[in-house]
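Open the model in your viewer and keep the sequence panel beside it. The stops below say what to select and what is found there.

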Amino acid sequence: MTVQDGLTIGVVVGLAVALVALTLAERRWPTTLRRVAAFEALDAAIERAVEAGERVHLSLGTGSLIGSDCAPALAGATALAKIAEATAMSDRPVVASAGDGALAVLAQDALRGAYARTGAKDHYRATTGRMLGPTPFSYAAALPVILSSEKVSVHLLTGSFGAEGALAAEMGERQKAYVLAGSDQVQTQALFFTTAEHTLVGEEVFVTGAYLQGSGMQRASLRLQDGLRLALAAAIVIGTLLRTLGVGL
Amino acid sequence: MAEIRCPMCSTLNQADAASCKLCGARLKPTGRLGTPSEEPGPEMRLPATGELPPWLARLRKDVTGRGQVPAEVPPEETPEPPSEESPDWLGGLRPADSEEEGPPEGEVPDWLAEAAPAAPATPAEPAEQGEGPVPDWLVRIRAKAQADTPAEEPADTPSAPAPTVEPTPPPTAAQPPASPPELAAEPTLGLPDWLLAARPDEAPRKAEAETPGEPSWLKEAGLDSSPELPHVQALIFEGDAPRTPVSDADVGPISVEVPDWMTELKAPPAPPPEGRPNLAPATLPAWLEAMRPVDTFRSVVEIEPEDDQTVEAAGPLAGLRGVLLAEPVMAMPRTPTAGGGRLEVTERQFAQAELLHRLVEEEQREAKPRPQARPRPPLLRWLVSVVLFVAAAVPTFAGGPAFPLPRLQPRELDVLASIVDGAPAGQPILLVFDYEAGYAGELEAVASPLIDHLLGRGLPLATLSTRPTGPPLAERLVAQVAARHGAVRNQDFVHLGYLSGGPTAVQLFAAAPTQAVFRGYLGPGGSPWLQPMLLNVHSLSDFGLVVVLTTGTEIARTWTEQTQPWLGGRPLVMVLSAGAEPLVRPYYEALQPKVQGILSGLPAAVSYELRLGQPGPAESRWNAFGLGLTAVEVFLIAGLLYGAAAWLLRGSRR
Amino acid sequence: MRSGLHYLWTALAILFGVLVLSGYVLAVPSLQSIRSLLMQWAVVLSAAALLLGLVNMLSVHWNKVGAQEKGWPYSALLLLSLLGTFILGLVFGPDSAILTALFNDIQQPVEASLVALLAITLTVAGFRLVARRRNAASVVFAVSALIVLLGTGPWLIGGDGSWFLTMGELRAWWSQVWAAGAARGLLLGVALGATVTGLRVLLGSDRPYGD
Amino acid sequence: MTNEALLELVGTAVAALLTIMVLSYALGDNAFFRLAAYLFIGVAAGYAGAVAWHDVLQPRLVAPLLSAGPAIIQDSSQLTQVVAPILLVILLLSKVSPTMGRLGGLPVALMVGVGAGVVVGGAITGTLLPQTVAAMDSLNPAVVAPQTGETGIERLVNVLIVLLGTLSTLSYFRLTGKRDQPDAARYGTRPLRTPVGVISIPWPILPFLGEMFIALTFGVMFAGALAAVILVLIERLQFLAGAANVILGGLLPAP
């Protein structure tokens with residue numbers, strides 16, 4: 001086992017333990033989420049959409065479910081379940097789409113579970129979790145139709161997107177919808193920065209669920225992320241000093 | 001199953017628990033009509049099923065004109081009414097004058113008059129004495145209902161849950177039913193009016209009766225929260241109610257939602273229905289309260305599961321199940337007082353009044369309606385489109401203007417060219433085509449000098465892709481370049497085809513290439529590894545050089561990191577879309593580089609073509625590229641200037 | 001209502017995830033082979049899920065055509081082209097001439113045109129950003145983009161001069177030094193978020209699957 | 001004209017037509033765009049489905065099953081390589097039916113589990129550790145960068161800029177807030193006395209710098225992406241020009 005292997009194991013186990021501990025601590029010291037304008041606007045936009053009989057559309061992106069690009073989609077599926085619970089009574093419940101078959105199945109499962117939890121099982125329709133197209137751009141090409149025919153007024157993009165994400169976000173803007181877009185690809189975030197009304201920068205794409213009345217662990221994980229970031233910064237500073245002094249790393 | 005889920009908070013509870021351990025919500029349906037002794041439960045909860053009953057959904061759809069999820073609309077249904085009719089009574093709203101009273105007797109639909117002979121259709125008075133406490137009429141209703149109906153009802157008929165009676169004064173001084181006993185005696189009382197309306201022969205007559213006799217006193221409802229609020233006349237609404245064939249699945253209990261017609265009611269001048277306009281999407285419906293803390297989460301009416309619903313035993317609806325019962329709605333927290341006027345009030349009227357009341361109450365919480373954005377022609381987009389099209393087309397069609405070709409070669413081009421020159425002869429080169437078909441226009445131009453160089457050296461090429469569309473892209477580009485060198489497919493270059501599994505499979509391939517790819521693309525059949533040029537390839541390091549062509553930083557990173565252990569010191573070269581370069585470059589510039597060569601952007605490609613002395617697609621796009629980028633730069637500068645000017649102007653105005 | 005199955009799936013997801021993860025960090029051959037096997041299953045499943053996704057697409061558009069919903073002719077076209085391509089592909093194989101032609105004459109041109117549309121979209125969005133969102137960040141954004149664009153493309157005037165060369169060097173410095181720091185910071189942040197999200201799944205807290 | 005040449009001509013004409021139809025979206029959503037888009041989606045989906053069958057399901061599952069026949073269940077390696085995935089696929093496909101669909105949770109759980117494992121492993125070993133280590137660059141002016149050849153103060157300045165960018169970007173993100181002030185901004189302003197007078201500067205300065213660095217980086221990436229897509233737009237127009245040539249040349253008899 002090399003040093004890096006040991007380090008990796010240590011990091012994984014340490015993170016898991018820290019996450020559990022923080023979750024347990026959540027009862028006594030609840031996490032305060034920093035107010036993020038985009039998420040506050042999201043709440044309001046969902047309410048408005050439900051009242052106006054318009055739809056919330058959530059996209060799980062054009063990534064895969066089994067690759068390293070699945071993380072934002074996993075986070076998106078959690079957010080999807082929350083939104084489905086909130087919009088279950090609407091006559092136009094949330095619709096989810098993806099650019100990958102497995103992600104569409106995941107979206108359907110998330111929706112079915114959410115409706116079962118709210119007791120609105122009958123509201124579930126397999127067609128509210130859709131695969132729009134199997135390739136990134138075929139996915140984007142299918143969006144304008146779903147956005148207009150479903151009267152989408154809240155357009156959420158939380159998944160892995162490449163450049164097609166910019167088209168997807170802009171289509172929402174054309175529809176005059178509330179657009180909140182996040183991707184795990186930094187390059188796409190730069191495009192969202194210009195094309196979307198609200199952009200989730202950096203790791204913000206992973207915290208949508210926590211901001212939508214997230215579970216204890218979701219909220220606790222924000223604290224973990226903050227702590228880790230601090231630790232990383234400290235490690236970088238210390239490491240730089242050590243390197244400068246000639247200590248091999 | 002040993003556990004049941006609380007409908008309020010989703011906590012799991014023991015199946016036999018009566019109330020939720022977390023939020024205290026009741027988990028069992030409350031009492032039935034047949035057990036009158038049961039006190040109304042203190043709990044008012046969200047419907048257990050929590051769903052918008054289909055009939056209400058349809059009602060809403062009809063009124064609002066908004067479609068429902070298609071699958072939910074039964075095909076046989078031909079809902080008609082509403083958009084034309086609902087407006088009628090809305091449109092007829094005008095300020096009531098205090099003398100004005102309820103609908104004249106003649107306007108009470110015949111069927112109702114017939115059905116309830118004892119109930120005089122007395123007009124309601126806008127009475128002020130609304131604060132009476134417990135409604136004893138309700139007690140009488142119950143007694144009467146029990147006396148009247150049980151004989152006909154199956155003993156086990158489930159009924160509406162025992163409703164809540166709260167002694168709180170009703171927010172409005174409205175006068176509900178003046179003669180409760182008679183009401184209760186009326187067998188149709190518990191039925192939603194629209195159900196009654198479904199009686200074929202009576203419906204038309206009723207409709208006729210309604211329209212002319214617009215209850216003008218109603219108008220006030222739309223204007224303020226005055227005592228008249230409860231006078232919403234359900235009867236009129238019946239015209240709008242969907243006369244659907246009654247099936248048990250369709251008969252839902254009263255929903256806790258505010259239907260859209262209520263929202264419309266709010267708009268002071270009742271809006272014309274066709275317009276369906278600018279409805280303030282504002283009032284917070286109770287079900288939306290679900291998103292709020294638990295206490296506000298309770299609805300007024302408890303709804304039982306469908307199978308618990310009452311089967312109507314008497315009257316024209318005998319045998320139908322799930323019809324609405326009077327009680328739950330009647331018992332909503334309000335206190336009727338003995339007013340001067342007496343009004344025949346059905347539970348629907350009650351429900352509507354209640355909704356209206358809530359609506360008014362919640363008005364404070366209203367969000368402003370989104371201003372309807374007037375569609376403006378997207379002039380900016382048109383302008384940009386035209387300019388960009390022209391900028392890209394002029395050099396293509398007219399040949400000019402000529403931009404100077406790059407004179408200096410980027411440093412990394414030297415490095416790359418020396419890698420290609422140093423690749424061992426005879427060993428195949430692995431080309432990974434990992435870009436979307438859409439980017440072919442860019443990457444083909446950028447990569448073609450490199451492939452030109454490789455084929456020029458006579459190196460055999462093997463292509464691979466982790467995207468289904470990769471192999472045809474590889475064939476497009478390689479065959480095009482190969483034609484110039486007289487190279488032949490399956491002899492000088494081979495397509496390994498599609499590596500399924502995306503990024504996940506990269507590591508599988510790196511570890512054991514021959515086991516990860518089964519069939520080639522456009523090969524002679526059989527395994528591509530049987531091709532002579534690949535016979536000696538058993539591992540990744542048997543390739544002389546690995547070139548990855550991609551637009552995505554993620555893919556580039558995957559190939560960089562996953563193949564590292566298996567490359568055996570063979571160079572890894574990235575051909576990148578211009579957008580991906582900044583994120584990949586750190587791998588190239590690191591103290592221990594993981595990427596040995598990099599080729600990105602049109603200028604580098606043109607330099608490469610110049611170096612090879614072989615003008616190609618990159619050079620042919622150079623002028624258009626220059627003009628296009630210039631146009632974009634102009635737009636960005638214009639945007640900056642516009643922003644600065646607007647900022648200065650606003651500053652000076654202040 | 002949640003069933004016992006749900007807990008079983010959760011437990012299995014955690015098990016599979018931990019096996020795959022330990023295959024990453026532990027150089028134990030048996031773990032590695034289990035991981036590789038699981039990943040192969042996942043690859044097969046992902047391909048099967050694609051077919052499921054096609055069924056989903058078919059049903060959505062079939063319903064639209066059946067109900068004669070607005071825009072149903074488009075759906076009919078999609079059904080035809082999907083089924084046609086799929087059947088041709090099954091019969092003749094993806095590397096047959098007919099599928100290659102469909103790819104080269106329909107899929108590739110349309111996709112490339114969509115990318116070309118991005119040029120317009122991005123230019124418009126860039127203009128709007130700096131014109132409307134008037135804050136320090138958008139000015140920095142625009143100036144930075146301008147530096148790179150000016151340093152990338154050729155100039156009509158002065159394209160051979162020293163200004164152009166300086167701009168080219170400024171661009172290189174700008175994108176390779178100034179932008180590198182924040183890019184690394186963003187990458188680290190994304191990796192952090194992804195790790196924590198994955199851990200939540202592995203700890204059974206986020207269960208986006210099954211009911 | 002040969003059949004092949006005619007087919008190619010038709011193909012080029014179709015491609016050119018579709019290109020124009022899609023580009024018309026620049027002016028606004030329209031029927032032509034939708035026609036082209038739907039045709040494209042159908043072809044892309046059908047193509048992907050065919051590839052999934054021919055390159056994955058058929059060679060990995062169907063072919064071994066057919067070649068081995070019923071004896072396959074006696075071969076332990078085939079059991080894990082072929083039979084188990086077939087069962088999983090059947091379970092997954094059962095999701096089409098609402099009643100059977102519950103067992104479909106197993107394959108989804110497997111994919112989610114694998115995905116989560118890959119994410120955690122990949123993020124830690126692929127980005128977190130290497131990028132953190134890479135961020136620790138020596139500030140020693142004597143070190144030489146291998147590819148760029150920078151030395152001395154030049155390199156030191158560059159390393160410091162990168163370091164500042166990384167640290168300030170990290171400090172920009174903060175997800176949790178203090179309980180009493182959840183809406184505190186990332187940074188505020190504070191007056192600073194300078195020789196020329198009092199000016200207000202953003203404070204704390206690091207998150208502000210982080211925001212600027214992020215905007216700067218986004219600007220660089222945006223420009224890169226623009227340069228890429230402009231090139232694609234040009235290629236499309238050149239293709240149209242070429243197609244017009246070919247079609248006209250094909251239709252008009254050669255002089």
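Begin with chains C and D together. Their contact takes 103 residues from chain C and 99 residues from chain D, where two residues are in contact if their C-beta atoms, placed from the backbone, lie within 7 Å. Now colour the side of chain C that touches chain D by element. Those giving two or more residues to it are helix H1 (4-25), helix H2 (29-66), helix H3 (72-92), helix H4 (97-132), helix H5 (136-152) and helix H6 (162-202) of chain C. Helices (H or I, at least four residues) and strands (E, at least two) are DSSP runs, numbered from the N terminus. Select H6(C): this helix gives the most to that side, with 23 residues. Colouring by class, the side of chain C that touches chain D has 80 nonpolar, 21 polar and 2 charged residues. For these classes, Ala, Val, Leu, Ile, Met, Phe, Trp, Tyr, Cys and Pro count as nonpolar, Asp, Glu, Lys and Arg as charged, and the others, Gly among them, as polar.

A note on conventions before going on. The model is predicted, so local features need pLDDT of at least 70 and side-chain atom pairs count only at pLDDT 80 or more, while totals for chains, interfaces and linings use all residues. Residues are numbered from 1 along each chain as its sequence is written, and chains are lettered from A and ligands numbered from 1 in the order in which they are written.

Chain D has 6 helices and 2 strands, and from the N terminus on its elements run α-α-α-α-α-β-β-α. Its C-alpha trace spans about 85 × 70 × 45 Å along the principal axes. The radius of gyration of chain D is 30 Å, whereas a compact globule of 255 residues would have one near 18 Å; the radius is taken over C-alpha atoms, and the globule rule is 2.2 Å times the number of residues to the power 0.38. Of the 255 residues in chain D, 46% are buried. A residue is buried if 20 or more other C-beta atoms lie within 10 Å of its own, exposed if 12 or fewer, and partly exposed in between, with C-beta atoms placed from the backbone. Among contacts in chain D between residues at least 6 apart in sequence, 32% join residues at least 24 apart.

Stay in chain D and select D:Val159, in helix H5 (residues 152-172) of chain D. D:Val159 counts as buried because it has 24 C-beta neighbours inside 10 Å. Leaving aside neighbours within four places in sequence, D:Val159 is in contact with D:Asp137 and D:Leu139.

Then go to D:Pro204, in the loop between strand E2 (197-203) and helix H6 (205-251) of chain D. Is the peptide bond from D:Trp203 to D:Pro204 cis or trans? That bond is cis, with omega near -5 degrees.

Move to chain A and select its open sheet of 6 strands, which has the order E3-E2-E1-E4-E5-E6 with parallel pairing. Two strands pair if DSSP finds at least two bridges between them. Strand E3 (129-131) and strand E6 (198-200) of chain A stand at the edges, each with a single partner strand, so one side of each is left without a neighbour in the sheet. Neighbouring strands of this sheet are turned by 15 degrees against each other on average, direction ignored.

Pick A:Ala98, whose bridge partner in E3(A) is A:Met131. Helix H4 (residues 101-117) of chain A lies across strand E1 (55-61), E2 and E3 of chain A, and runs at about 175 degrees to E3(A). Axes are lines fitted to C-alpha atoms, for helices over the stretch in contact, and angles run from 0 to 180 degrees between N-to-C directions.

Finish in chain B with strand E5 (residues 493-498), where 6 of its 6 residues are buried. Strand E4 (residues 461-465) of chain B pairs with E5(B) in the parallel sense over 4 bridges.
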